[in-house]
Every structure is written in C-alpha cells, then in structure tokens.
Amino acid sequence: MTRHLLLLCLTLLTGCVSLQPTLQASAKPEKINAYVAGSFTRANSGGFGFVLTNADNGFEYVMPFGEDTSWPKDVKDQVVMIQVPPGKYRISHWLTYATLTKERSKKSEVTNKFIAAPFTLDPGAIIFLGSFSAKTETTVSYPYTHTNWSIKPNPLSAADARGAFAAAYPLFADAPFTCSMCIDSLLDALLKAPRPAPAPTPATPAPAPASSAPAAAI
C-alpha cells in the first residue's frame, strides 16, 4: 500500500507533502534537537501545514496542523510538536494537502508579518507558534466546484500556552519555552517597534521689518 502511494505521488504534478512526524506525549527532550509546537483546530477539512524554512540552508520542514491521519479528522485545540535541527527559521508558507495521498493542493506565502517573523532555535529550546484554526469551504455552482482554504490565529496568552503544552508534553516542562504568537509577545513586539519620526513643525515666519513710509490711503 505504501509503495503504491509513493508511486502515485511521483506521478502527480503538484507533488506530495513530506510531513515532519509529530512527537508522542512520552517523548523526552534531546539537547541535539530543537522543537516547534503549536495548538491547532480543524473541522471538516483535509490536511494543513506550516512550512518552516531554515535560513542557513533553505531546507523546509512541514509542521502539520494537529495529528496527521489518513482520513480527514476534526481536532480541537490539539497541541502537537515536531523536532528540527537548531538554527534560524521562518514560517515562509502554509499549505493544504490530501490526508490519504499527501498530494499538495495549495501552497501560499505567509503574509502576516508576525507569523513570518524569523526566529532562532537553540539546542533543546522550544518555540510555541500559537493557536490556529484551519477552515475549508466548498461551494458548488454547477458544473464547477470551488474550494477555499483559510487559517487564522486565535488569541492565546503565554501562560495558557505553557499550560496546554505542559499537559501535552509533561517531560518538556523544564525546557526553554517561547511563544511567538501569544498576546504577550505580540504586545511586546508592538511596543518595541520603531515609531515613525514626527513631522517637522513649520517654521514661524519672521515679522516684517517696520516701515517708515506713511500708511497707504484706504
């Protein structure tokens, strides 16, 4: 079965998605690796994933939105984590794919500057991307069918992110932890953002010199 799916992938023009496997709850920290986690919700949809691009070598790692399954399966606030080599990364794209064949259906550039902001992962460190919801909408206008995929970030505090992560991966409780899209981090980024320089105040014109000539008649 696996061989047949592989052959099918090789013949598809759109290509197949190679997913990073999500770690089990019993996983233990390894200092040689770095970790990327997040909380995901998806309903009535196929597969979604973030593409993490390594800034040094261009390698791409696809993080699935929740547990990867052969058939579409709803998940609600499911925390998952993948491991990647330490280094500098950014979320360059998001994509959708068929859950059974892993055929890619769409790949889109990330335009949200906060989600796409680069980050550095030290050995043993964890970055929690935040909470995201994935949505698939299909409309039929005979004889055409149109599918629209979308994702959106959900409000989440750093404390709630840490609590949800600790419940999902208890053996990582002491590992360095950062939440990139949590409310606290976003507010901090906004406060530290450079402010535009104020517009220069127009100079007040100097008063005209007094004239000794007689005033003109009205």
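Here are a few questions and answers about the helix, core, pocket and cavity of this predicted model.

Colleague: Let's start with helix 2. Which of its residues are buried?

Modeller: Helix 2 covers residues 158-168. Buried here means under 20% relative accessible area. In helix 2 that label goes to A161, F165 and A168.

Colleague: Why do those buried residues line one face of helix 2?

Modeller: An α-helix has 3.6 residues a turn, so residues three or four places apart point the same way. On the other side of helix 2 you'll find A159 and A167, which are exposed. Looking down the axis of helix 2, the buried residues line one face because they fall within an arc of 60°.

Colleague: Which residues touch the most other members of the largest nonpolar core?

Modeller: In soluble globular proteins, nonpolar side chains tend to be buried together. The largest nonpolar core here has 43 residues, and strand 8 gives the most to it, with six residues. Apart from it lies another core of six residues, including V17 and L19. In the largest core, the residues touching the most other members are F50 and F165.

Colleague: What about the largest pocket: which element gives the largest share of its lining?

Modeller: This pocket has a volume of about 330 Å³, and among the residues closest to its centre are F119, I127 and C179. Strand 7 (119-121), strand 8, strand 10 and helix 3 (183-192) each supply at least two lining residues. The largest share, four residues, comes from helix 3.

Colleague: How many of the residues lining that pocket are nonpolar?

Modeller: The lining of the largest pocket is made up of 23 residues. Two of them are charged and four are polar. The nonpolar ones number 17.

Colleague: Last one: what volume does the largest cavity have?

Modeller: The count comes to one cavity of 30 Å³ or more. Residues lining the largest cavity include R42, F48, E67, D68 and Y97, and the lining divides into four nonpolar, five polar and three charged residues. The volume of the largest cavity is about 40 Å³.

Terms used. Residues numbered from 1 in each chain as written. Predicted model: local features only at pLDDT ≥ 70, side-chain atom pairs only at ≥ 80, totals over all residues. Heavy atoms only, no water. 1 Å grid on protein atoms, 1.4 Å probe; cavity = no way out; pocket = protein on both sides within 12 Å on 5 of 7 lines; lining within 4 Å. Points joined across faces, edges and corners; volume = space filled by probe spheres on them. Nonpolar A, V, L, I, M, F, W, Y, C, P; charged D, E, K, R; others polar. Buried < 20%, exposed > 50% of the residue type's maximum accessible area, 1.4 Å probe, protein only. Arc of directions from axis to C-beta. Core = buried A, V, L, I, M, F, W, Y, C linked by side-chain atoms within 4.5 Å.
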